[in-house]
Amino acid sequence: MMILGKLLLGVIGLALATFIGGFISGLDRKITARMQSRFGPPLAQPFYDVLKLWGKAPMAVNAWLVLCAYLTLMASALSVFLFFAQSDLLLIFFVMTIGAVFQVMGALSVNSPFSHVGAQRELLQMFTYEPLIILVIIGIAMHTGSFSIASIYALDTPLLYSMPFLYVALGIAFTIKLRKSPFDISASHHGHQEIVRGVLTEYTGRQLAMLEVAHWLDVVLLLGLCSLFWSTSAIGLFLLLAVTYFAELFVDNVSARLTWGWMIKRALGPGVALAMVNLLWLYAIK
Amino acid sequence: MINLKEWINKGRLKSPWVVHFDCGSCNGCDIEILACLTPVHDVERFGIINVGNPKHADVLLVSGTVNHRNKIALKNIYDQMAEPKAVIAIGACGLSGGVFHDCYNVVGGVNKVIPVDVYVPGCPPRPEAIIDGVVVALEQIKIKLGLAEAPAVHAVHME
């Protein structure tokens, strides 16, 4: 019964996450527009975009590209499913990584130089955010004694009290994963044209729609990881997520796009340092 | 799956992504096109996004005269766009060659090389006229998709 309940929870979570991810993306574009004193698109705009892309005529360059788009979407969906089924954090992390790797493989399977530059930069972005997320997961395991999400929900004080620096490190990883400025170097967001959208250059029509949905699911998964830091009350959790996402939008709008070298020096270095300080603290109070 | 098809058609009309190709324009029209993206006109409120990649675009905006060198590039960009797509010729030069129509190197308007759906006249046209051009192009796509009937007289823009 326990397993069946968890599977059901995962399926419901995945279905909800797709819709919530789309609306978060719409809200993101709306708030960004208001910050730039524009009116902005309707809230459902991401859904219109994905539906339109789904209806475009097929133009894939090769079969690898199509396969990689499917695998990216499946990996993202599976990691969100595992999250809502309250599975193992390490397993979720590895499944999420598979999605990102296949997106890069698809981009490398074509001849376009924009696609190649974007793929190399995406690998560097993964190289920056993955250690940070792993360190956050290690911190959670040190605190609760288990990699399972259920053990976090068993806590009676929020994780944020004992892991504030790790939350900042997770915030840095979140900005890179969201592809927000200053880290939108592998594939910039709507309306920007850095290296012709880099890693996404050769994905068209349905494949692009699938990657868009995969990106929504990744955002929901990362927000889910953030939500674990205030698992004790629903209001606290919602406030924490709202403040975090607003901070992401604010940073996106006040900063310029920077280079990958800057990202590794100024995001990976301080991020790992913050995480290490927090891990030592966790070790000391044990 | 009639329902999905209806939703897709709705999406098509709500999110036209444009790619802009400067076919040797004097930059007058180009500046007006870019003015549409600014907070004053903000075309993103109609779901219009200026993309840099013809493979992601639905509408091709062409400004400037077509000559024998760049007609190859123009055809190439048009061919890279996936169906359904629309082409908008912008400015006097894009419509007919403008003041350069009888130069030895000029082919003429954009419609000599690729099929054009909407013509936006002016030297340069105002941003409002360009936005109206995209809206009229969406009407054309509606007719192509069979969602609306073709009007008896196209009283859209006078050349």
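What covers the buried residues of α2(B)? The cover includes β1 (17–22), β3 (59–63), β5 (86–90), α4 (91–96) and α5 (127–145) of chain B. This is a predicted model, where local features need pLDDT of at least 70, side-chain atom pairs count only at pLDDT 80 or more, and totals for chains, interfaces and linings use all residues. Residues are numbered from 1 along each chain as its sequence is written, while chains are lettered from A and ligands numbered from 1 in the order in which they are written.

**Chain B as a whole**

- Chain B has 5 helices and 7 strands; helices (H or I, at least four residues) and strands (E, at least two) are DSSP runs, numbered from the N terminus.
- Starting at the N terminus, the elements of chain B go α-β-α-β-β-β-α-β-α-β-β-α.
- Chain B's radius of gyration is 15 Å, which agrees with the value near 15 Å for a compact globule of 159 residues. That radius is taken over C-alpha atoms, and the globule rule is 2.2 Å times the number of residues to the power 0.38.
- Along the principal axes, the C-alpha atoms of chain B fill a box of roughly 55 × 35 × 30 Å.
- Of the 159 residues in chain B, 42% count as buried. Buried means that 20 or more other C-beta atoms lie within 10 Å of a residue's own; exposed means 12 or fewer, partly exposed is in between, and C-beta atoms are placed from the backbone.
- Take the contacts in chain B with a separation of 6 or more: 78% of them come from residues 24 or more positions apart. Two residues are in contact if their C-beta atoms, placed from the backbone, lie within 7 Å.

- Helix α2 (residues 28–35) of chain B has Cys29(B), Glu32(B) and Ile33(B) buried. They sit on the same side of α2(B), because they cover an arc of only 105° around the axis; the arc is that of the directions from the helix axis to the C-beta atoms.
- In β3(B), 5 of its 5 residues are buried. Val59(B), Leu61(B) and Ser63(B) are on one side, with Leu60(B) and Val62(B) on the other.
- β3(B) pairs with β1(B) in the parallel sense over 5 bridges, and Leu60(B) is the bridge partner of Val19(B). Strands pair if DSSP finds at least two bridges between them.
- β3(B) and β5(B) also pair in the parallel sense, over 5 bridges; here Ile88(B) is the bridge partner of Leu61(B).

**Where chain A meets chain B**

- On the chain A side, 26 residues are in contact with 20 residues of chain B.
- Both α2 (45–54) and α8 (205–227) of chain A give two or more residues to that side, and the largest share, 6 residues, comes from α2(A).

- Most residues other than glycine have a negative phi, and most peptide bonds are trans.
- The peptide bond from Glu83(B) to Pro84(B) is cis, with omega near -10°. Pro84(B) is in the loop between α3 (70–80) and β5 of chain B.
- Cys123(B) and Pro124(B) are joined by a cis peptide bond with omega about -5°. Pro124(B) is in the loop between β7 (118–120) and α5 of chain B.
- Ser37(A) isn't a glycine, yet its phi is positive, about 50°. Ser37(A) counts as exposed because it has 10 C-beta neighbours inside 10 Å.
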